[in-house]
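Subject: Handing over a structure

Hello,

Please find the structure below, with its sequence. My notes on what was found in it follow.

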Amino acid sequence: MRVLGHKIELLTGLLLHDVTMAGLQELRFPEEKPLLRGQDVTELENPDTFLSTVDTDWKEHDIETPYGLLHVVIRGSPKGNRPAIFTYHDVGLNHKLCFNTFFNFEDMQEITKHFVVCHVDAPGQQVGASQFPQGYQFPSMEQLAAMLPSVVQHFGFKYIIGIGVGAGAYVLAKFALIFPDLVEGLVLMNIDPNGKGWIDWAATKLSGLTSTLPDTVLSHLFSQEELVNNTELVQSYRQQIGNVVNQANLQLFWNMYNSRRDLDINRPGTVPNAKTLRCPVMLVVGDNAPAEDGVVECNSKMDPTSTTFLKMADSGGLPQVTQPGKLTEAFKYFLQGMGYIAYLKDRRLSGGAVPSASMTRLARSRTASLTSASSVDGSRPQPCTHLESSEGLGQVNHTMEVSC
C-alpha cells in the first residue's frame with residue numbers, strides 16, 4: 001500500500017530559469033521525451049549507446065580498499081574546495097549502463113565540466129571484469145560503503161556530492177551515515193531503505209528459480225508496465241545486462257543487495273537518538289517505478305529541513321535514462337541550493353548563454369546554514385541558497401513532493 005499521507009502535489013508553472021532549488025516546490029519541468037538529444041529509442045539496441053563516452057579524458061583506476069579492489073573511472077582533478085561528483089550504480093548495471101546517458105546529456109556536461117567526476121563500479125561489475133573465484137565472499141552493503149573512504153583519500157577529495165541509483169543509492173546513504181563529514185549532498189534515485197522480509201526473501205528465491213538472472217534484475221529496474229510496453233528499452237537492457245556484466249559476479253551482488261538490513265534512519269525527533277542524513281538530499285523516483293513505495297517511505301523518514309522529494313512524470317525505473325533533461329534541471333537547482341552555481345548556461349533561453357559563476361566554497365561563505373542539518377554533533381554548516389546574485393531567494397528546503 002502506498003504511503004500517500006505526507007505527499008504535497010505542487011504544480012505551478014514558474015519559468016525554469018527563475019527558480020532555484022529552494023523553490024522546487026513550485027517547479028514544473030517541460031517534457032523531455034527523447035532519451036538523448038536527437039536520439040531515438042531504437043538506437044539503444046546498439047551497445048555503443050551505453051558504453052561509449054563523449055569525453056576521451058576519463059581515466060580508469062583500481063583502488064585498494066579494506067574489502068578488496070574497486071574499479072573507478074575519473075575525469076578531471078580536484079580543484080580547490082569544490083566537491084567531487086561521486087556516482088554509484090544500481091545492481092545489474094555498472095557506471096556506463098547506469099549513467100552514460102545522463103552524463104553525456106549536453107546540458108549535464110555544462111554542469112560537470114566544473115567538477116571532478118568519479119564513477120565507482122561495485123566489485124566485479126565493471127565491463128570486462130574477471131569472474132570471482134569459487135568461495136569469494138562478496139562485501140556486504142555496509143562493507144561496500146566502508147570501501148568508499150579509500151577512494152576519497154586516494155584522489156584527495158575533501159567532500160563529495162553523491163548520485164546513487166537503487167543499490168548504489170543505499171550504499172551512498174550508508175556511507176553518508178558512517179562518514180557524514182565527507183558528504184556535501186546526495187541525489188538518491190530509487191532508494192529502498194528497508195531490508196528484505198521473509199516473504200520478500202522467499203519471493204526473490206522463487207523468482208530466481210523460475211527466471212533467468214537478467215530477467216530477475218529487469219523486474220527490479222523496471223515496472224511491469226514498462227516491461228510490457230517499453231519493449232525496445234527493456235530489450236536493450238536485457239541484452240546489455242546479459243552480455244556486458246559478468247553473470248556470476250552479478251549474482252553475488254544481487255544476493256547481497258537482497259540480504260541488506262534496514263537503513264535505520266528516522267526523522268529527527270520521532271525516536272530517541274534518531275539517525276539521519278545530515279546533508280541536503282534530493283530523493284528521485286519515476287511515477288511508474290517499482291521503487292516508488294520505498295522512496296516514499298524513505299521520504300517520510302528524512303529530515304524535512306534538508307530533503308526534497310522529486311517525483312518525475314512519464315518516467316519509470318530509470319529516470320536518468322528516460323528523462324535526462326528533467327533530471328539535469330533538478331540537479332542544477334540542487335547545486336544552486338548548496339551555493340555552488342549562481343548562473344548556468346541554458347540553451348533554451350532566448351537571451352543566449354548565461355555566464356557560469358565561480359563554484360568554490362568561497363562563494364558559499366555568505367550562505368545561510370540549514371536549520372537542523374547543520375546543528376547535529378557539531379558538523380560543518382550545510383548552506384542553503386542565499387547568494388547575492390540570486391535575487392529574492394534563500395528559502396530553506398523542506399520535504400515535499402514535486403511532480404514534474
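I will start with one residue. Ser 150 sits in helix 4, residues 141-155. Helices (H or I, at least four residues) and strands (E, at least two) are DSSP runs, numbered from the N terminus. With a relative accessible area of 18%, Ser 150 is buried. Buried means under 20% relative accessible area, exposed over 50%, and partly exposed in between, with a 1.4 Å probe and protein chains only. Apart from neighbours within four places in sequence, Ser 150 is in contact (heavy atoms within 4.5 Å) with Ile 63, Glu 64, Thr 65 and Pro 66.

Before the rest, a note on the source. This is a predicted model in which local features need pLDDT of at least 70 and side-chain atom pairs count only at pLDDT 80 or more, while totals for chains, interfaces and linings use all residues. Residues are numbered from 1 along each chain as its sequence is written, and side-chain values use heavy atoms, with hydrogens and water left out.

Confidence

pLDDT is the predictor's confidence in each residue, from 0 to 100. Its mean over the chain is 76, and 67% of the residues reach 70 or more. Residues 1-55 have a pLDDT below 50, and this stretch has 131 contacts in the model beyond near neighbours in sequence. Over residues 347-400 the pLDDT also stays under 50; for these residues the model has 134 contacts beyond four places in sequence. Where pLDDT is low, the predicted coordinates should not be read in detail.

The chain as a whole

The chain has 13 helices and nine strands. Of its 404 residues, 55% count as buried. Among contacts with a separation of 6 or more, 75% are between residues 24 or more positions apart. The chain exposes about 16500 Å², of which carbon and sulfur atoms supply 51%; the area comes from the Shrake-Rupley method with a 1.4 Å probe, and for residues only the protein chains shown count as cover.

Helix 11 gives an example of buried positions: Glu 292, Gly 294, Val 295, Val 296, Cys 298 and Asn 299 are buried there. Strand 7 (281-286) and strand 8 are included in what covers them.

How many disulfides are there in the whole structure? A search finds zero, a disulfide being a pair of cysteine sulfur atoms within 2.5 Å. Cys 118 is buried at a relative accessible area of 0%, and Cys 279 is buried at 3%.

Aromatic rings

The structure holds 10 aromatic pairs. Rings of Phe, Tyr and Trp (its six-membered ring) pair if their centres lie within 6.5 Å; planes under 30 degrees apart count as stacked, over 60 as edge-to-face and the rest as tilted. One of the pairs is Phe 115 with Tyr 340, edge-to-face at 6.2 Å centre to centre and 75° between the planes. Phe 115 lies in the loop between helix 3 (106-112) and strand 4 (117-121), and Tyr 340 in the loop between helix 13 (324-337) and strand 9 (401-403), so the pair ties together parts that are 225 residues apart in sequence. Phe 115 and Tyr 340 are both buried.

Another edge-to-face pair is Phe 132 with Phe 138, at 6.3 Å centre to centre and 70° between the planes. Phe 138 is buried, with a relative accessible area of 3%. Ring pairs link Phe 132, Tyr 136, Phe 138 and Phe 253 into a cluster.

Arg 260 lies over the face of Tyr 257, 4.1 Å from the ring centre. A charge sits over a ring if NZ of Lys or CZ of Arg is within 6 Å of the ring centre and within 35 degrees of the ring normal.

Loops

Most residues other than glycine have a negative phi. Asn 273 is not a glycine, yet its phi is positive, at about 55°. Asn 273 lies in the loop between helix 10 (247-257) and strand 7, and is exposed at 78% relative accessibility. Asp 314 also has a positive phi, near 55°. Asp 314 is in the loop between strand 8 and helix 12 (319-322) and is partly exposed, with a relative accessible area of 45%.

Pro 304 is in the loop between helix 11 (292-300) and strand 8 (307-312). At 26% relative accessibility, Pro 304 is partly exposed. Pro 304 and Arg 267 are 37 residues apart in sequence and 7.6 Å apart in space, C-alpha to C-alpha.

Regards
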